[in-house]
Amino acid sequence: MTEISSLCVYCGSRIPKDPSHIDAAKSLGKDLAENGIRLVYGGGHVGLMGVIADSTIDSGGQVTGIIPGHLHDIEVSHEKLTELHIVDSMHARKEMMYQTSDAFVVLPGGLGTLDETFEMVTWRQLGLHDKPIILVNYKNYWRPLLDLMDHMIKAGFVEKEALGYFTVVEELKDIIPALAKAPDAEIKADISKF
Ligand code: AMP
């Protein structure tokens, strides 16, 4: 079973139309704080990213933000984090988010969230890491993506096993138990070879 002390959350940098997604991000932030799990995220104070960071901090939790210098103003670096790393590039940000996290959770988000998520999923496909990835299909937000996966598998472009690269949960309360149930990550990835 995985002992998670540091969790990377990928989520949208915008405020979505459905306010229940905001409540979801707040709720996860509180859960992380209460379970003593450090939040690792993109370091901004915008959208759901800002909401989960605020909620974790307000609940007494630890938050590490990692932001590239050029996004410092656009995503408005959060000023109250436990630690904020300003890095040189998007790649450096993703690498540090990967290195400092035991697992990944994906809340609803946009293109950046998809990019970050599928980098972790494709690294798993290549056997470069085996850290748990939890896709939170809250309010069925990711259904079209899951349908696309099925479509790609049926078409023969993706192996059936790909569905095992990540765990889908429907409810926020299922995230922490899903992380606890995940097998320990065994691959000691050397990211310099990626
Ligand atoms: P979004 O899901 O588009 O709202 O973005 C969520 C986060 O992903 C933000 O912090 C973005 O800076 C980040 N992001 C956007 N585009 C990319 C990209 N191509 N690679 C990695 N991260 C990105």
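**Cysteines, then the core**

Mentor: A search of the whole structure finds zero disulfides, a disulfide being a pair of cysteine sulfur atoms within 2.5 Å. Cys8 is in no disulfide, and its nearest cysteine sulfur, that of Cys11, is 9.4 Å away. Cys8 is buried, with a relative accessible area of 0%; buried means under 20% relative accessible area, exposed over 50%, and partly exposed in between, with a 1.4 Å probe and protein chains only. Cys11 is in no disulfide either, and is buried at 5%.

This is a predicted model, in which local features need pLDDT of at least 70 and side-chain atom pairs count only at pLDDT 80 or more, while totals for chains, interfaces and linings use all residues. Residues are numbered from 1 along each chain as its sequence is written, and side-chain values use heavy atoms, with hydrogens and water left out.

Now the core. The largest nonpolar core has 31 residues, of which Leu7, Val9, Val105 and Leu107 touch the most other members. A nonpolar core is a set of buried Ala, Val, Leu, Ile, Met, Phe, Trp, Tyr and Cys residues joined through side-chain atoms within 4.5 Å. Among the elements giving two or more residues to this core are β1 (6-10), α1 and α6 (175-181); helices (H or I, at least four residues) and strands (E, at least two) are DSSP runs, numbered from the N terminus. Leaving aside neighbours within four places in sequence, Leu7 has contacts that include Leu32, Val105 and Leu179, where contact means heavy atoms within 4.5 Å. Another core, of 23 residues, lies apart from the largest one and includes Tyr10 and Tyr165.
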